[in-house]
Amino acid sequence: MIHITDGQLDKILDYITYDNLLSDKHRQSLQDYLETFEFRAIADGSYTEFLGKHNRVIIPAEDNGYKEFVIQESGKYRDTQGIKVEVYASASYLLLKKAKIIYPQTLHDQTPTTAVSQATNDTEWVPGIIEGEGNRTFYIEQHTNPFSFLKTIAKEFELELHFRVETDGNHITGRYVDLLEKVGQWRGREVEFGKDLVGIRRVEKTDNIYTALVGLGPEKEDGTRLEVFVENKEALQRWGRPNPQTGELKHLIDVYEPQSTREDMTINKLQQYTKTELNKRINAVVEYETTVADLENVPGMENKKIRFGDTIKIKDTKFSPPIYLEARVHTQERSIVDGSQKQIELGDYIEYTEEEVKAIWRSLQEEIRKKIGYETMMKYAEPKKVVSDTPPEQNENVIWVDTSQEPYVPKVYNYNEWQKMTPTEAYEVGAYNKGEVDDISKDASRLTEGIIDVDSVPLRTSVTGARIAWDGVNGLIQYDMDGNVVGRMSLDGTSYFKNGYFEGEVQAQTGHFSGDVSGATGTFGEVTVKNGNFTLEDDISDMKYSATPKRNLVKDHSFELVIADPDSLNSNSIKYNWLDMKESDVPFENHWRKSGMPKVATVFGPDNRSALPIFGEKAIVVRDAHFVRQDIGDGVAAGMTFTATGFFKRQHNVVPGGRPRFEIDHMFASGDRGPRLLNIVFPPVPDNYEFVRNSVTFTIPDNFSEGDYLDFKISGGNSEWVQCDGIQIVEDSMPSVYLQEDATWDIARGNYPIINKQPSLWMGAVYLLDSHIIYPNKSLDRCQNGWVLVWSYYDIGVGPVNSDWQFTYVPKKSVSRTGGHRTALRAGSDNLEILKYYYVFNNRIKGNNVNGGVNRNLCLREILEF
């Protein structure tokens with residue numbers, strides 16, 4: 001039946017049974033991802049009033065699952081048979097075109113999962129089954145929508161989109177976007193002319209053949225363009241015509257302009273784009289039109305199944321030349337009521353010659369011939385084995401395993417009788433039987449020389465079965481009632497016991513503990529660990545880590561220096577205890593760079609422990625496409641082994657189930673991205689706000705050279721937010737104890753002023769002309785009070801002189817004062833008045849050309865924090 005749901009609330013309003021349907025058609029296309037459902041029904045049912053108002057209809061998919069459509073058109077009409085209703089609906093995923101606007105931006109290093117997450121974020125749809133791998137950078141140059149961007153993602157990763165909904169029978173429980181290697185499958189379906197191939201038409205087009213292209217890059221600001229020439233010499237031999245004068249083959253040539261406005265396009269990129277385009281134009285285009293009969297609903301032919309996206313094979317040996325094709329179901333129209341009413345259109349044709357098909361067949365025949373030859377050889381080469389308590393009737397090339405006695409005896413037929421293949425009695429090999437050996441062992445007088453070698457001699461046996469025995473190899477052995485060894489004294493005097501209990505002192509002149517030592521608490525004197533390591537264990541993740549501190553390569557590992565944007569404060573900030581992350585205007589202050597919109601977990605006031613950051617006053621909160629990254633190069637070299645760890649927990653009041661993720665890429669000194677060294681998604685964090693520590697170990701590749709570095713990313717493995725803190729990368733095969741360094745962060749935040757220390761933010765010697773733009777190491781808003789400009793005398797034509805030192809105070813409020821700033825100074829023995837004019841911004845100071853001329857006798861030497 002067809003279910004009708006509310007267009008806003010997904011509530012089931014009514015349903016239409018198949019008895020009330022007059023006709024229906026479900027159409028879907030792989031070429032443009034358009035999908036529609038239209039039907040006619042009797043209009044006298046209660047459902048009629050709901051067939052409109054942007055409501056939705058849900059129909060069963062062809063095999064399993066459901067399809068959801070939005071009603072676009074609905075109309076009633078009357079004929080001689082009564083009132084009818086016609087409905088036209090399109091797939092609900094097409095509303096992704098209206099779900100949001102994706103603004104021009106650049107999305108770096110996107111995996112298929114993160115790219116789909118970017119497209120579907122803040123929509124009803126979420127990433128489903130994602131099969132692709134690798135990374136791509138997306139340059140979104142114009143405003144677009146999620147549906148168009150999803151098609152771009154599929155094209156970039158060479159995957160196909162598949163949309164589906166899941167329901168619990170009463171409600172839609174999920175809408176998923178799958179990114180698959182291929183929709184449909186190969187089911188062994190082959191159609192042949194005269195059976196289920198009704199007709200076929202082959203059209204060859206050569207109007208778009210070229211053997212060379214001139215590629216033109218985007219026009220730059222100065223009006224110039226990159227230009228490349230790309231040719232295909234094989235195509236030239238196939239399609240070129242000779243020059244009437246020289247006889248040389250001439251190219252069929254055209255101009256190609258890639259659809260891109262990126263002015264930074266390189267020659268290599270333009271060459272690659274042009275070559276790819278030329279490869280599409282060097283061959284004739286062959287198109288096929290076929291008509292295939294669907295036999296699945298014919299009795300006895302249920303296995304002749306064809307589904308949307310499937311690959312099928314087509315054969316017509318009567319065609320000249322014979323046609324052998326492989327094709328996919330690109331478009332399908334079906335009835336949800338009558339399965340026999342189905343029409344398909346094929347595309348993606350791959351043509352095989354008759355010789356190629358026969359070659360494949362001959363190779364399969366050879367493989368079958370080899371298999372049959374091997375099985376025949378084994379049949380005659382190996383004797384047949386018969387296991388029974390009576391002799392078999394056939395006695396040629398047979399081994400009979402006689403089971404009429406124990407042990408079982410293998411026999412062969414020789415000289416008209418079944419003979420044993422191996423001895424079974426002691427006398428047959430000149431040995432004593434068991435009875436004779438027992439007699440000798442009981443009469444010691446029969447032993448006249450040599451040493452008695454025995455396995456063990458019982459000394460005492462208890463009623464429980466426990467015993468003590470002397471073992472001539474291992475010494476004195478103690479066994480429990482089940483025969484397990486619980487203690488022994490070896491021949492060299494070493495003792496082994498399962499348990500030992502002592503009163504008084506245990507003393508030894510020398511000795512050591514080894515193995516796994518655990519137990520109750522105690523007090524020890526001097527303890528020395530030589531070439532070893534004390535390890536601790538996380539009680540939630542069971543992760544072991546060294547108690548020895550090691551160098552942490554991660555800067556701002558507790559995120560205490562990350563800037564929380566106060567302008568992002570809203571009701572959600574209070575609910576989730578976070579603010580948006582903001583990057584500093586001074587680039588080198590950003591130890592962490594952001595992608596998307598990660599959050600900064602912060603403290604607004606006294607709160608529950610579960611609502612606070614794990615360490616200190618801040619932590620970072622990430623999910624799939626909203627993450628932070630840091631470049632790490634200092635202390636890294638080829639062949640070194642590192643362990644990356646972090647502390648993670650559920651952020652206050654967010655949906656539980658967040659999964660932290662680490663990614664590390666090898667970056668070359670040139671800035672090019674090398675291979676990915678690490679990509680791990682850790683398990684979901686606990687729902688109860690307890691934090692857990694996770695780790696992963698990786699090794700730097702041998703081709704890691706001077707100037708190379710690591711791109712370290714912390715993100716989420718799904719769409720749920722997760723708090724991250726205490727990030728560590730140490731050189732070892734296991735993590736080490738994490739040092740919070742709270743006092744260090746307090747000093748960095750200015751809570752503990754450093755005695756006799758005024759940080760220098762810039763040093764140099766400039767007149768401060770219009771061409772001089774100075775970026776101090778710390779922006780005004782991050783300084784405690786402001787900047788101090790330090791001036792000195794400048795001997796024109798010689799250089800700066802360490803005299804006439806003068807200081808100008810620039811308070812933090814200077815940023816809010818529009819226009820320029822003037823400072824009056826004095827210089828030289830003549831007490832010459834010097835005027836300096838400049839502009840103050842939050843992250844920089846810009847000069848003015850009036851600072852030249854006589855005003856050159858003073859120069860700016862240093863900027864201090866005040």
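This dialogue walks through features of one predicted protein model.

Reader: What should I know before reading this model?

Author: Residues are numbered from 1 along each chain as its sequence is written. The model is predicted, so local features need pLDDT of at least 70, side-chain atom pairs count only at pLDDT 80 or more, totals for chains, interfaces and linings use all residues, and side-chain values use heavy atoms, with hydrogens and water left out.

Reader: What is the mean pLDDT of the protein?

Author: First the term: pLDDT is the predictor's confidence in each residue, from 0 to 100. Here the mean is 82. In this protein, 80% of the residues reach 70 or more.

Reader: Where is confidence lowest, and where highest?

Author: Elements come first. Helices (H or I, at least four residues) and strands (E, at least two) are DSSP runs, numbered from the N terminus. Confidence is lowest in strand S28 (residues 456-461), at a mean of 52. It is highest in strand S39 (residues 619-622), at 96.

Reader: How many helices and strands are there?

Author: The protein has 8 helices and 55 strands.

Reader: How do I read burial, and what share of the protein is buried?

Author: Buried means under 20% relative accessible area, exposed over 50%, and partly exposed in between (1.4 Å probe, protein chains only). Of the 866 residues, 38% are buried. Accessible areas come from the Shrake-Rupley method with a 1.4 Å probe; for residues, only the protein chains shown count as cover. The protein exposes about 51400 Å². Carbon and sulfur atoms supply 49% of that area.

Reader: Is helix H1 mostly covered or mostly open?

Author: Mostly covered. In H1 (residues 112-120), 8 of the 9 residues are buried. Among them are Pro112, Val116 and Thr120. The buried residues of H1 pack against several elements, including strand S8 (105-110), helix H2 (146-157) and strand S42 (660-667). Just after H1, Asp122 takes a positive phi of about 65°.

Reader: What does a contact mean, and which residues does Ile101 touch?

Author: Contact means heavy atoms within 4.5 Å. Ile101 sits in the loop between strand S7 (82-91) and S8. Leaving aside neighbours within four places in sequence, Ile101 contacts His143 and Thr144. Ile101 and Thr144 are 43 residues apart in sequence, yet 6.0 Å apart in space, C-alpha to C-alpha. Now the whole protein. Among contacts between residues at least 6 apart in sequence, 61% join residues at least 24 apart.

Reader: How do I read a salt bridge, and how many are there?

Author: Side chains of opposite charge can pair when their charged atoms come close. The cut-off: a side-chain nitrogen of Lys or Arg within 4 Å of a carboxyl oxygen of Asp or Glu. The whole structure holds 33 salt bridges.

Reader: Which side chain meets Arg164 in a salt bridge?

Author: Asp178 does, at 2.5 Å, N to O. Arg164 lies in strand S11 (residues 160-167) and Asp178 in strand S12, so the pair ties together parts that are 14 residues apart in sequence. Arg164 and Asp178 are buried.

Reader: What does Arg676 pair with?

Author: One partner is Glu663, with the closest N and O atoms 2.6 Å apart. This pair links strand S43 (residues 673-681), which holds Arg676, to strand S42, which holds Glu663, 13 residues apart. Asp665 also forms a salt bridge with Arg676, at 2.7 Å between the closest N and O atoms. Asp665 is in strand S42 too, 11 residues from Arg676. Arg676 counts as partly exposed, at 26% relative accessibility. Glu663 counts as buried at 5%, and Asp665 counts as buried at 1%. These residues belong to a network of salt bridges that also includes Asp109, Arg629 and Lys713.

Reader: How do I read aromatic pairs, and how many are found?

Author: Rings of Phe, Tyr and Trp (its six-membered ring) pair if their centres lie within 6.5 Å; planes under 30 degrees apart count as stacked, over 60 as edge-to-face and the rest as tilted. The search finds 27 aromatic pairs. Trp125 and Phe163 form an edge-to-face pair, 5.9 Å centre to centre, with 90° between the planes. Trp125 lies in the loop between H1 and S9 and Phe163 in strand S11, so the pair ties together parts 38 residues apart in sequence. Both Trp125 and Phe163 are buried.

Reader: Which residues form one aromatic cluster?

Author: Phe559, Trp592, Phe648, Phe662, Phe682 and Phe712.
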